[in-house]
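Thanks for coming. I will take one chain and go through what can be read from its coordinates.

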Amino acid sequence: MTTTTIPATATATATAVPAHIRANRVTRSLLGYGVLAGPFYVTVSLAQALTRDGFDLTRHAWSLLANGEHGWIQITNFILTGLMVIAAAVGLHRARPANPWAGRLTGVYGAGMIAAGILRADPAMGFPTGTPEGPGTVSWHGLGHLTAGGIGFLCIIAACFVVARRFARDGRTGWAMYSRTSGALFLVGFAGIASGNSAPALTLGFVAAVIVIWTWLAAVSIDLYRALPCR
């Protein structure tokens, strides 16, 4: 009885995965963070908002959760979510290298979240418990938080319109309209909260706008994920 030996090089050739498929798998993994980032951030924020003494969803911005004894949870939430967004931004760039600004702008949004976590928002509006009512004094890190957040928000709004233009060029008018609408709604929500008015409608409107933008990022990430062959 004879045994046929298959050369190792032949086996390796037969089982080798093409380079573009390996690259697509990496890209798909990165885009997965665009799906995870929003639910992670919203879940962690809401869990604190509903359980921390003195926090009122109709009056207090989620950034205020970075204050107090358990403030480290929201700080960590900002940083981890920001890292996920940056990973998703790299995925966006890899999936659409001819349209680099979508990834770049999304990456700045992620970096802004990290900076907003490190530069803690100032206590205000009676939170944490014992804080005087009103906007309070703005510290250097509070100003940094507002600046980082504002830059990040404007960049993700711009990313919506950049992606919308790409969809329009591809003849995907529904997706283009969805991206423009998401960017516009987030801009309105951001403008309302940036006005300094703490009216419940504006506070809750910004929460809704945040959910809109996370949903958009997840939807775009899933769309690009599905478009990349992995085998």
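This is a predicted model: local features need pLDDT of at least 70, side-chain atom pairs count only at pLDDT 80 or more; totals for chains, interfaces and linings use all residues.

Residues are numbered from 1 along each chain as its sequence is written, and side-chain values use heavy atoms, with hydrogens and water left out.

First, the fold. The chain has seven helices and zero strands. Here helices (H or I, at least four residues) and strands (E, at least two) are DSSP runs, numbered from the N terminus. Along its principal axes the C-alpha trace spans about 90 × 45 × 30 Å. Of the 231 residues, 44% count as buried, where buried means under 20% relative accessible area, exposed means over 50%, and partly exposed is in between (1.4 Å probe, protein chains only). Take the contacts between residues at least 6 apart in sequence: 69% of them join residues at least 24 apart. A contact means heavy atoms within 4.5 Å.

The UniProt record, an unreviewed entry, puts the annotation "transmembrane region" on six stretches, including residues 139-163 and 201-225. UniProt positions are given in the numbering used here, feature names are shortened, and annotations may be inferred rather than shown by experiment. In the model, residues 139-163 are 96% helix and 0% strand, with end C-alpha atoms 36 Å apart. Residues 201-225 are 100% helix and 0% strand, and their end C-alpha atoms are also 36 Å apart.

Now helix H5, residues 140-169. Its 30 residues reach 44 Å from first C-alpha to last, close to the 44 Å expected at 1.5 Å a residue; the expected span is 1.5 Å times one less than the number of residues. After H5 comes Gly171, with a positive phi near 80°. Ala148 sits in H5. Is Ala148 buried or exposed? Ala148 counts as buried because its relative accessibility is 12%. Leaving out residues up to four places away in sequence, Ala148 touches Gly112, Ala115 and Ala116.

The second residue is Thr203, in helix H7 (residues 200-227). Thr203 is buried, because its relative accessible area is 3%. Beyond four places in sequence, its contacts include Leu57, Arg59 and Ile193.

On a 1 Å grid over the protein atoms alone, a cavity is a set of points where a 1.4 Å probe fits but cannot get out, and a pocket is an open set with protein on both sides within 12 Å along at least five of seven lines; lining residues have an atom within 4 Å of a point. Grid points are joined across faces, edges and corners, and a volume is the space filled by probe spheres set on the points.

The largest pocket has a volume of about 1,000 Å³. Of its 38 lining residues, those closest to the centre are Ala61, Ser63, His145, Leu146 and Ile193. Which helix gives the largest share of the lining? It is H5, with eight residues.

There is one cavity of 30 Å³ or more, and the largest cavity has a volume of about 130 Å³. Its lining divides into six nonpolar, one polar and five charged residues. Ala, Val, Leu, Ile, Met, Phe, Trp, Tyr, Cys and Pro count as nonpolar, Asp, Glu, Lys and Arg as charged, and the others, Gly among them, as polar. H5 and H7 each supply at least two residues of that lining.
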